[in-house]
Amino acid sequence: MMVNATPILNASGITMEFRGFVAVNNVNLSIREGTIHALIGPNGAGKTTVFNMLTKFLTPTRGSIEFRGRDITGLKPAEVARLGLVRSFQISAVFPHLTVLDNVRIALQRPAGLSTQFWRSSNVLSRLDEQAIELIEAVNLAAYTHLPAVELPYGRKRALEIATTLALDPAMLLLDEPMAGMGHEDIGRISDLIRRISKGRTILMVEHNLHVVSDLCDRVTVLARGEILADGSYDVVSADPRVREAYMGTEHD
Amino acid sequence: MSVEVQSQPIARQPDLRTLTRLLTALALVGLLAAPFVVYPVLLMSMLCFALFACAFNLLIGYVGLLSFGHATFFGGAAYFTAHAVKVWGWDPLAGILLGVLGAAILGLVVGFLAIRRQGIYFAMITLALGQMFAFICLQVPFTHGEDGIQGVPRGHLLGFIDLNEPLSMYYVTLAIFLFGFFAVWRIVNSPFGNILKAIRENERRAVSLGYRVDRYKLGAFVMSAALAGLAGGTKAIVFQFATLTDVQWQMSGEVILMTLLGGIGTLVGPVVGAAFVIALQNYLASSDFPVTVLIGIIFVVCVLVFRRGVVGELLEFVRRREGRPD
């Protein structure tokens with residue numbers, strides 16, 4: 001695979017303090033364009049906090065973030081998404097009472113310029129159907145197209161979330177535990193899906209399943225107690241005694 | 001499994017659509033014939049408040065924002081329209097449009113300040129700003145304080161429709177109401193309305209898809225305020241006055257009650273709720289029974305027993321009979 005050496009996303013010295021509690025301390029992250037990068041670490045290491053800072057749902061107390069050479073530290077979350085840095089959430093983020101088709105169309109509406117028209121019938125949205133159905137088929141949800149998202153099984157909801165995210169055709173995806181709470185079969189399916197969509201994109205994902213990480217990711221960053229413990233390929237990182245200790249330590253808890 | 005779930009609504013849909021069309025046609029005929037059976041002023045009062053409740057419902061039912069200051073837009077527009085028509089001698093339609101514009105501008109200011117907060121804080125900010133506006137209305141000279149603006153001439157709409165004729169006035173009011181009702185329906189079922197639904201369903205997700213949700217909420221707030229203004233301006237022409245009653249917080253409370261009673265988030269609910277409350281007030285006005293006590297009791301019963309409102313419960317009943325899960 002062609003890997004571009006320039007970082008698409010660069011976080012330097014980002015720190016998050018909540019009333020004196022330092023959740024994330026002086027983290028430097030550099031994500032290379034076109035790679036699948038994993039952020040791993042024991043519970044409470046601050047992975048989701050890092051995600052929230054990168055997508056601006058939290059503003060770092062200190063430090064700066066650059067995306068495609070542009071400083072995004074002061075931007076709002078919606079602006080970051082508009083620049084092509086789109087995230088998913090740990091708890092599956094769908095619009096529960098809208099159908100699968102509507103879920104994907106919501107994402108397509110903004111780029112198509114069909115999100116502010118209040119004087120037209122929503123029938124005009126049918127012109128997005130073709131594109132939406134293509135995305136739905138890409139994640140194997142064609143049989144569920146007209147079902148409300150709330151009625152989907154858990155694994156399928158995650159697939160829908162990915163289809164919705166892909167609808168924005170983002171340059172970079174941040175996936176927060178895409179396999180959390182999934183059965184074996186679903187994990188295989190979502191892994192395949194992530195590999196497929198990674199073509200021409202950059203992916204940063206938080207994941208607990210180390211088997212998935214070793215299988216899927218080009219590079220791994222280990223976070224523990226809010227600080228970076230190790231960074232490198234899976235083999236290098238997994239051989240690191242400090243990483244082993246951090247993981248063993250939590251297993252004994 | 002999915003096949004079974006999908007086939008049911010598809011099979012039922014034509015049924016429901018014909019039923020909806022039939023009911024709509026019946027309602028229209030009923031509204032056209034009503035002034036020959038019922039006292040027109042009572043009907044016009046119902047229509048004005050029904051439109052006000054529809055405007056309010058656009059915000060609470062489809063965006064999930066509880067405004068406790070909607071009297072500002074209703075009563076504010078009533079003052080603007082009354083002043084323009086009485087003092088400046090404007091055409092009633094132009095006066096009403098001025099009321100709509102004024103309400104939209106007030107909505108922009110109030111919405112801009114309140115939209116950053118959610119839930120009870122949003123409600124409290126709108127209430128506080130509403131109280132401020134009521135105080136301003138008491139103080140500034142053009143509203144004539146406690147007296148209000150009285151004796152607003154109904155005049156001739158567009159110069160040739162004599163609104164002093166009760167029937168003409170009724171049909172104009174009906175047209176305005178239908179326009180407002182259609183506007184709410186259109187907004188709810190538009191691409192914009194789709195995004196509003198998404199924001200109500202999962203705001204964080206909408207943000208992460210790049211939607212500046214504050215702007216969408218503000219947009220809906222201004223539209224709601226403008227439609228409330230349409231109701232208020234029309235009311236000023238119908239009743240020929242604008243007073244402090246229309247801008248005070250009790251009016252904001254009344255519209256909440258009407259919407260809740262009829263069914264939040266249903267299109268027809270606010271109309272039913274408004275018609276019921278106005279009919280009750282009218283009926284009890286001649287008796288010694290205190291209206292507020294009875295309305296209080298109804299409110300409590302509504303919240304305890306049928307939380308979805310009359311129309312909401314009815315729809316739920318139909319849905320359950322169709323065998324669809326909640």
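Author: Happy to! Keep in mind throughout that this is a predicted model. Chain B puts 25 residues into the contact, and chain A puts in 33 residues. On the side of chain B that touches chain A, the elements giving two or more residues are α1 (2-33), α6 (166-188), α7 (191-201) and α8 (203-208) of chain B. Of these, α7(B) supplies the largest share, with eight residues. By class, that side of chain B has ten nonpolar, nine polar and six charged residues.

Let us stay with α7(B), then. The crossing of α7(B) past α9(B) is left-handed. From α7(B), the residues involved are B:Ile195, B:Leu196 and B:Ile199, and they meet B:Val213, B:Tyr216 and B:Ala220 of α9(B). This helix pair makes its contact through six nonpolar residues, with no polar and no charged ones. On the side of chain B facing chain A, by contrast, nine polar and six charged residues accompany the ten nonpolar ones.

Now for the chain around these helices. Chain B contains 13 helices and two strands. Its radius of gyration is 20 Å, close to the 20 Å that the globule rule gives for 326 residues, so chain B is as compact as a globular protein of that length. Along the principal axes, the C-alpha atoms of chain B fill a box of roughly 70 × 45 × 40 Å. Buried residues account for 49% of the 326 residues in chain B. Among the contacts in chain B with a separation of 6 or more, 77% join residues 24 or more positions apart.

A:Arg19, in the loop between β1 (7-18) and β2 (21-32) of chain A, has a positive phi near 45 degrees without being a glycine. It counts as exposed because it has 4 C-beta neighbours inside 10 Å. A:Arg225 sits in the loop between β9 (219-224) and β10 (227-232) of chain A, and its phi is also positive, at about 50 degrees, although it is not a glycine. With 15 other C-beta atoms within 10 Å, A:Arg225 is partly exposed.

Technical notes
Residues are numbered from 1 along each chain as its sequence is written. Chains are lettered from A and ligands numbered from 1 in the order in which they are written. This is a predicted model: local features need pLDDT of at least 70, side-chain atom pairs count only at pLDDT 80 or more; totals for chains, interfaces and linings use all residues. Two residues are in contact if their C-beta atoms, placed from the backbone, lie within 7 Å. Helices (H or I, at least four residues) and strands (E, at least two) are DSSP runs, numbered from the N terminus. Ala, Val, Leu, Ile, Met, Phe, Trp, Tyr, Cys and Pro count as nonpolar, Asp, Glu, Lys and Arg as charged, and the others, Gly among them, as polar. The radius of gyration is taken over C-alpha atoms; the globule rule is 2.2 Å times the number of residues to the power 0.38. A residue is buried if 20 or more other C-beta atoms lie within 10 Å of its own, exposed if 12 or fewer, and partly exposed in between; C-beta atoms are placed from the backbone. A crossing is left-handed if the near helix is turned anticlockwise from the far one by less than a right angle, and right-handed if clockwise.
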